[in-house]
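The sequence and model are shown here.

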Amino acid sequence: MYSAVLAAALTGLTIVNAQAPGAPVPVPGVTGQLGDATIVDDNLAGVTYTAFLPNSTTSDLRGFVAGTSNANGTGVNFAISVSGFPDPSLGPFMYHIHDQPVPANGNCTATLAHLDPYVRGEKPPCDPTHPETCQSGDLSGKHGNVTGDPFNTAFLDLYLSTHQGPASFFGNRSIVFHTSNATRLTCANFTLTSGNSTSSNGTSSSGNGTVVGSTPPAPFMGGAATAFVSAGAIVAGLVAFLL
């Protein structure tokens, strides 16, 4: 069943970027404090990390986000199939790889900010015509916001790694879906579902959904640590950062 859904996502390619009405206009050429993102060209072939959205009582979103290393080692092919979005007036809906994994209690705020190894920050918004200047984890900024329900899309991202060790590695991180005002709808951890990945320190993983010897990344303090929707209300007291 997973293979069929993955195939549907790949064939249902939808890459359309929709900025929220009144949102700041992307500024071409904005780079991080550490420069532009570099293309990843040493990914191990046949490695897939998948984040399956949880069966949550606080969100109707269901589906998966899968990233598979490109056959030539350059970049990651993503396939996304998600349904159950709330009222369209809360969109456009966005999705990002966040710096930290989801803890056992499911608190999406604990995932902290977007994956941003080049310290770009979230403002001004990503310019998809210059993806190297965007945050590495800003998938919807680079490849398009959610455009329908169900949402099926596929794309190649050149700036993420399936190889443990580099800061661009996403296999021990999480995916978060947001409303247009940055409210977090749901989140899920990536786990290895195919292939083998070996870190720079020799620890390895096998494609059975278990990461062996992998530890959560050191937290990057910054970016969008915004509120999470729970039972239709935003939990008060959470630290909010602008997307």
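## Disulfides in the predicted model

C126 has a relative accessibility of 4%, so this cysteine counts as buried, the cut-off being under 20%. C134, at 5% relative accessibility, is therefore buried by the cut-off as well. The model is a predicted one, and in it C126 and C134 are joined to each other by a disulfide. Their S to S distance is 2.1 Å. The torsion about this S-S bond is 75 degrees, and the link is right-handed.

In total, the structure holds two disulfides. The other pairing joins C108 to C187, with the sulfur atoms 2.0 Å apart. Here the torsion about the S-S bond is about -90 degrees, which means that the disulfide of C108 and C187 is left-handed. This pair connects distant parts of the chain, its two cysteines lying 79 residues apart. C108 sits in the loop between β4 (94-98) and α2 (139-143), while C187 belongs to strand β7 (residues 184-194). Both of these cysteines, C108 and C187, are buried.

The two links are set out below.

| Disulfide | S to S distance | Torsion about S-S | Handedness |
|---|---|---|---|
| C108 to C187 | 2.0 Å | about -90 degrees | left-handed |
| C126 to C134 | 2.1 Å | 75 degrees | right-handed |

How are the bonded cysteines paired when they are counted along the chain? The disulfides follow the pattern 1-4, 2-3. In general terms, a link of this kind is a covalent bond between the sulfur atoms of two cysteines.

Conventions. Residues are numbered from 1 along each chain as its sequence is written. This is a predicted model: local features need pLDDT of at least 70, side-chain atom pairs count only at pLDDT 80 or more; totals for chains, interfaces and linings use all residues. Side-chain values use heavy atoms; hydrogens and water are left out. A disulfide is a pair of cysteine sulfur atoms within 2.5 Å. Helices (H or I, at least four residues) and strands (E, at least two) are DSSP runs, numbered from the N terminus. Buried means under 20% relative accessible area, exposed over 50%, partly exposed in between (1.4 Å probe, protein chains only).
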